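Colleague: I'm new to reading protein models. Could you walk me through a few features of this one?

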Amino acid sequence: MSREVLGFLLDAPGEIFIDATLGDGGHARALLSERPDIVLYGIDRDIEAIEFAKERLCGFGHRIQFIHGRFGEIAKKRDIPPAAGVLFDLGLSSRQVDNPERGFSFSRDARLDMRMDTSQKTTAYDIVNETSRGELTKIIATYGEQPGAGRIARAIDVYREKEPIETTLELAGIVRKAIHPATAADLARVFQSIRIVVNDELGELKRGLAGMLEVLMPGGIMVVISYHSLEDRIVKQFFVTEEKGCICDPDMPVCRCGHKPRLERLTKKPIVPSESEIKENPRARSAKLRAASKLI
Ligand SMILES: C[S@@+](CC[C@H](N)C(=O)[O-])C[C@H]1O[C@@H](n2cnc3c(N)ncnc32)[C@H](O)[C@@H]1O
């Protein structure tokens, strides 16, 4: 959704931009090319993404600053000057999904890993093998929104009583047996649920949105592309709340929160990719873009 991203960000007033999810640097490159006056801070928690983007974007010299880390943490530290634009393009890059060593894909044999930041301790192996059956059911139902979560958790529990579940294909096989016949969508949802927990993706998103709102200058633009309903709900909720004045319980006779509107939504409904974009890049099919500008 490069055209839409540029449509919102190109006219943002100021010279500092943040790509909070640099990935392969596609959006960063487009922004740096179209706005020769800007400096862009590119953040990614995946060191491989940072190294790849460094090579790809080396032609922009000091106009791009690379930061390895989580966007929630970095926004909190406020090491970045007030920004005119912030972009979040959430989830995984194609390179992460397609790299068999990272263990994100249910169709490629790999150790159960799924860490975006490979220096982090907790992996998918830990979640799959060490979480109680009840917790696993909750994870699969809540973060995968997957029917039959209890049956899948039970099948995992029975299998791991004999031996630990080491690989992606072992886990996929267990899910296939538990909800026979399992579709690719079922497997994707189960893997997504575990990945979300391994990387604390929803907690990160909440911290990232709140933190980057502080970093944005008045008049600055925030653009968020999400890829599943749990993410999109958080983004929508955040924008709606920050657009409101008082957020006290409606039963309160007088306002006690003192909340002031801090954002104006530029998209009341999310923008979705065109048919032709989905044809070109089927992974974009679930993308939803929301944008807002900062008021104060
Ligand atoms: C969909 S890709 C971004 C693709 C990028 N916009 C491009 O044009 O190539 C998402 C990237 O965000 C990174 N990421 C996800 N959550 C993050 C977080 N909390 N902090 C920093 N990076 C994160 C992932 O490691 C991944 O590289």
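Predicted model: local features only at pLDDT ≥ 70, side-chain atom pairs only at ≥ 80, totals over all residues.

Colleague: Is Phe88 buried or exposed?

Modeller: Phe88 counts as buried, at 0% relative accessibility.

Colleague: How many aromatic pairs does the structure hold, and how do I read one?

Modeller: A pair of aromatic rings is described by two things, the distance of the centres and the angle of the planes. The structure holds three aromatic pairs. Take Phe71 and Phe88: the ring centres are 5.0 Å apart and the planes are at 90°, so this pair is edge-to-face. Phe71 lies in helix α4 and Phe88 in strand β4, so the pair ties together parts that are 17 residues apart in sequence.

Colleague: What about Phe238 and Phe239?

Modeller: Those two form a tilted pair, with 6.2 Å centre to centre and 50° between the planes. Phe238 and Phe239 are both buried.

Colleague: Which residue lies over the face of Phe52?

Modeller: That's Arg95, at 4.0 Å from the ring centre. Likewise, Lys162 lies over the face of Tyr159, at 5.7 Å from the ring centre.

Colleague: And which residues come nearest to the ligand?

Modeller: Of the 22 residues around the ligand, the nearest include Phe71 and Asp89. A backbone N or O atom of Phe71 lies 3.0 Å from a nitrogen atom of the ligand, while Asp89 places a polar side-chain atom 2.8 Å from a ligand nitrogen. The protein covers 93% of the 610 Å² of accessible area that the ligand has on its own.

Technical notes:
Residues numbered from 1 in each chain as written. Heavy atoms only, no water. Near = heavy atom within 4 Å. Polar contact = N/O pair within 3.5 Å; in protein donor to acceptor, adjacent residues only side chain to side chain. Areas by Shrake-Rupley, 256 points an atom, 1.4 Å probe, with all protein chains shown as cover. Phe/Tyr/Trp six-rings, centres within 6.5 Å; stacked < 30°, edge-to-face > 60°. Helix = DSSP H or I, 4+ residues; strand = E, 2+ residues; numbered from the N terminus. Buried < 20%, exposed > 50% of the residue type's maximum accessible area, 1.4 Å probe, protein only. Lys NZ or Arg CZ within 6 Å of the ring centre and 35° of its normal.
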